[in-house]
Amino acid sequence: MDLSFSPADLAFRDEVRSWIGTSLPADLRAVAEVDGHFEHADVMRWHRLLAAKGWVAPHWPKAFGGPGLSPTQRFILSEELELAGTPLLSPFGLSMVGPAIMQFGTPAQQERFLPRILAGEKVWCQGYSEPSAGSDLASLRTTATLDGDAFVVNGQKTWTTYAQYADWIFALVRTDPTVKKQAGISFLLIDMKSPGVEARPMLTIGHTPAFCDTFFENVRVPRENLIGPLHGGWTVAKALLGHERTLIAAVGHSQRAMRRVKRIAASTTEHGRPLLDDPVWRARIARLEIKLQALQMANYRSLAGAALGHAPGPESSILKLRGSEILQQAFELAMDVMGPDAVSWFNDVGVLPELEQSVAPTYCYNRATTIYGGSNEIQKNIIAKMILGLPGT
Ligand SMILES: Cc1cc2nc3c(=O)[nH]c(=O)nc-3n(C[C@H](O)[C@H](O)[C@H](O)COP(=O)(O)OP(=O)(O)OC[C@H]3O[C@@H](n4cnc5c(N)ncnc54)[C@H](O)[C@@H]3O)c2cc1C
């Protein structure tokens with residue numbers, strides 16, 4: 001296995017870096033500089049700039065408007081974007097429902113939905129979880145009953161990130177309550193403007209509001225919005241979750257978080273000396289950087305596998321598990337380095353140094369990384385069963 005980058009890959013990295021250098025608008029760059037919080041409108045502005053360059057969906061095949069990059073180039077592109085701190089694009093259209101429509105949709109559905117996802121014209125959200133169906137997703141109870149040429153949808157989804165902005169939701173619904181749980185589920189695309197859909201934003205301690213409770217009351221959804229076969233939604237859902245997990249390694253975000261930890265430690269003094277010069281703090285920072293480097297190597301290994309044509313297998317659970325833990329630990333360390341400033345808040349403009357302003361809310365929001373995309377306990381079950389060969393629970 002050769003883990004070094006080829007000259008062509010290194011040239012591609014330079015190209016990406018210089019494009020970001022000239023294309024990231026100045027106001028977004030100012031926010032990126034201090035790892036601040038981007039508004040939804042900023043995220044969509046950046047989406048459209050990347051779309052114009054042809055880089056918004058590096059993993060899409062050329063046939064559907066992707067740029068035809070190799071797996072290594074795709075990785076380099078996303079790593080450079082993360083390292084530059086550019087707005088994080090919503091994954092729901094580009095990385096979840098888009099690939100699902102490519103794999104399971106009809107040509108008419110592909111033509112209707114994919115170009116609008118690419119262009120950033122339509123915003124998507126994910127309607128999987130319900131109040132009693134999270135890890136045990138197959139227990140979902142939202143129903144869709146066929147009535148002529150439409151489904152009638154009733155029920156509640158929860159934790160729906162972005163529902164307050166979304167034009168569309170991809171939802172798992174129960175279309176046959178009489179069979180085994182997994183066998184009676186379908187995958188539906190629902191227009192959020194349909195009568196009977198209501199998204200109620202929830203306030204959170206981190207970014208506000210981050211997600212919604214989404215209610216469906218006698219919502220009519222054209223039958224043509226069904227993706228894959230009727231009652232065949234579980235297969236679509238599982239394919240989509242595989243994509244979700246590999247996204248969560250977020251090595252670039254952790255690297256950037258560590259860079260910020262060091263910058264804060266360099267500017268925070270104790271007894272007249274920067275914390276960064278203190279051997280105890282240096283050792284804590286080094287320990288986490290070593291863990292991060294190990295994760296990066298694991299990420300490169302899965303990349304080398306992808307370059308040989310292997311689909312991401314259960315190792316994506318390792319990346320999700322470690323990536324989410326390390327990101328949390330990096331923000332914990334940042335909070336520790338900040339000391340009393342950590343109890344302050346991001347809108348304390350003028351009170352905290354700019355570099356510290358978004359640390360506390362991001363620390364709070366990042367508690368979620370070990371929950372969403374399948375909680376870490378569930379990832380451990382997958383690793384135990386699929387990789388270590390231990391008996392299932
Ligand atoms: C910030 C955030 C954003 C989210 N965005 C979305 C979204 O956009 N769309 C969407 O559909 N969902 C979303 N989710 C929901 C997320 O996918 C679920 O929270 C997650 O799947 C866990 O389900 P749950 O919250 O119902 O917890 P539960 O499944 O009730 O689990 C509670 C605890 O028990 C543990 N547990 C459960 N079963 C087992 C088991 N078999 N073995 C060991 N431990 C177990 C879990 O790990 C957890 O610690 C989001 C969640 C968060 C926090």
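Reply: The largest cavity is lined by Val43, Met44, His47, Leu89, Ser90, Gly93, Leu94, Ile117, Lys122, Val123 and Trp124. The model is a predicted one, and the description below is of that model. The space in this largest cavity is about 100 Å³.

Two helices each supply at least two residues of the lining: α3, spanning 40–53, and α5, spanning 91–104. The largest share comes from α3, with three residues. Sorted by class, the lining has seven nonpolar, three polar and one charged residues. Lys122 is in the lining, and so are His47, Ser90 and Gly93.

Now the helix pair. Two packed helices are described by the angle between their axes and the distance between the axes. Helix α10 covers residues 315–338 and helix α12 covers residues 376–387; their axes come within 9 Å and cross at roughly 145°. The crossing of α10 and α12 is left-handed. On the α10 side, the residues in contact are Glu315, Ser317, Ile318, Lys320, Leu321, Ser324 and Glu325. They meet Asn376, Gln379, Lys380, Ile382, Ile383 and Ile387 of α12. By class, this contact has five nonpolar, four polar and four charged residues. For the lining of the largest cavity, the corresponding numbers are seven nonpolar, three polar and one charged.

Technical notes:
Residues are numbered from 1 along each chain as its sequence is written. This is a predicted model: local features need pLDDT of at least 70, side-chain atom pairs count only at pLDDT 80 or more; totals for chains, interfaces and linings use all residues. Side-chain values use heavy atoms; hydrogens and water are left out. Axes are lines fitted to C-alpha atoms, for helices over the stretch in contact, and angles run from 0 to 180 degrees between N-to-C directions. Helices (H or I, at least four residues) and strands (E, at least two) are DSSP runs, numbered from the N terminus. A crossing is left-handed if the near helix is turned anticlockwise from the far one by less than a right angle, and right-handed if clockwise. Contact means heavy atoms within 4.5 Å. Ala, Val, Leu, Ile, Met, Phe, Trp, Tyr, Cys and Pro count as nonpolar, Asp, Glu, Lys and Arg as charged, and the others, Gly among them, as polar. On a 1 Å grid over the protein atoms alone, a cavity is a set of points where a 1.4 Å probe fits but cannot get out, and a pocket is an open set with protein on both sides within 12 Å along at least five of seven lines; lining residues have an atom within 4 Å of a point. Grid points are joined across faces, edges and corners, and a volume is the space filled by probe spheres set on the points.
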